[in-house]
Amino acid sequence: MIQQCHCITDIINKAFKEHKYCSAVFLDVSQAFDKVWHQGLLFKIKQTLPSGYFDILKSYLSDRYFTVSLNNKTSPLLPMLSGVPQGSILVPLLYTLYTADLPQSYKTILSTFADDTAIFTTNPDPTQTSANLQEHLLEINNWTRKWKLKINETKSSHITFALRRGQCPPVNINQTVVPQVETVKYLGIHFDRCLTWKNHVSTKRKQQEHKTREIKWLIGRHSPLSLENKILI
């Protein structure tokens, strides 16, 4: 994850040095792990892994059922045709196998980590930058339709990284304009358009202050703990 963040930062900094616009779309996949289509996943596993692994994973995904309870009433058992078991250590691996063939483009850079997906492109011309993004977004949107995933257009983000004023033109998914933002959170890091890290530092500082207040009774001056234990906490 840290390596992925370093890679993204290098892409943006390189664009700054070359006086280019770096524009990116951060995609929000609706209920990503719950929407993994079992038949499609098994097809890809069969194409990718040895037959022994296929048999094990097929058994792992088969014969799963769900039921719904509401107001003391329970629905009959229904088969689960999609979704990977939440909490399992196999979930990131299965999702990665399912999305390994996401369309790529020589005009853009695709960055993925589990269900976090971002598309970057750089160009001196802001209009061409957005055109490259839009072309790739169309391919990805067609792919998600084929494999029964859905991108949440309004929760996705479009950001222009640049040291100059102005933004790249908007892009859309399914005829819905992707919201343009000044900062975006990716893999726990807050990226702002000029890469100043001000928003990230401010957010993390607030989180630290909140956690410190929660344990003040343990590390405060009235706590009977020794200084060594306070520092350890």
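Residues are classed as buried under 20% relative accessible area, as exposed over 50%, and as partly exposed in between (1.4 Å probe, protein chains only). The structure is a predicted model, in which local features need pLDDT of at least 70 and side-chain atom pairs count only at pLDDT 80 or more, whereas totals for chains, interfaces and linings use all residues. Residues are numbered from 1 along each chain as its sequence is written, and side-chain values use heavy atoms, with hydrogens and water left out.

Charged side chains are considered at the outset. The structure contains six salt bridges, each defined by a side-chain nitrogen of Lys or Arg within 4 Å of a carboxyl oxygen of Asp or Glu. One of them joins Asp-101 to Lys-44, with an N to O distance of 2.8 Å. This pair links distant parts of the chain, 57 residues apart: Asp-101 belongs to the loop between helix 4 and strand 6 (109–113), and Lys-44 to helix 2. Helices (H or I, at least four residues) and strands (E, at least two) are DSSP runs, numbered from the N terminus. Lys-44 is buried, at a relative accessible area of 6%, whereas Asp-101 is partly exposed at 39%. Lys-44 also lies over the face of Trp-147, 4.0 Å from the ring centre; the criterion is NZ of Lys or CZ of Arg within 6 Å of the ring centre and within 35 degrees of the ring normal. Arg-64 is placed over the face of Tyr-60, at 4.9 Å from the ring centre.

A further salt bridge is formed by Glu-209 and Arg-205, whose closest N and O atoms are 3.4 Å apart. Both residues lie in helix 6 (residues 198–214), four residues apart, and are therefore separated by about one helical turn. Arg-205 is exposed at 55% relative accessible area, while Glu-209 is partly exposed at 35%. In the salt bridge of Glu-153 with Lys-150, the closest N and O atoms are 3.8 Å apart; Glu-153 is buried at 11% relative accessibility, and Lys-150 is partly exposed at 47%.

Lys-230, in helix 8 (residues 227–232), is buried yet has no salt bridge, the nearest side chain of opposite charge being Glu-228 at 9.5 Å. For this assignment, Lys and Arg count as positive and Asp and Glu as negative, with His and the chain ends not counted. Beyond its neighbours within four places in sequence, Lys-230 is in contact (heavy atoms within 4.5 Å) with residues including Leu-218, Arg-221 and Leu-225.

Eight aromatic pairs are present. Rings of Phe, Tyr and Trp (its six-membered ring) are paired if their centres lie within 6.5 Å, and planes under 30 degrees apart count as stacked, over 60 as edge-to-face and the rest as tilted. Phe-33 and Tyr-95 form an edge-to-face pair, at 5.1 Å centre to centre and 90° between the planes. Phe-33 lies in the loop between strand 1 (21–27) and helix 2 (38–48) and Tyr-95 in helix 4 (residues 91–99), so the pair ties together parts 62 residues apart in sequence. Phe-33 is buried at 17% relative accessible area, as is Tyr-95 at 2%. The rings of Phe-120 and Phe-161 are stacked, with centres 6.5 Å apart and planes at 15°. Phe-120 is in strand 7 (residues 116–123) and Phe-161 in strand 8 (residues 157–161), so this pair ties together parts 41 residues apart in sequence. Phe-120 and Phe-161 are both buried, and together with Phe-26 and Tyr-186 they form one aromatic cluster.
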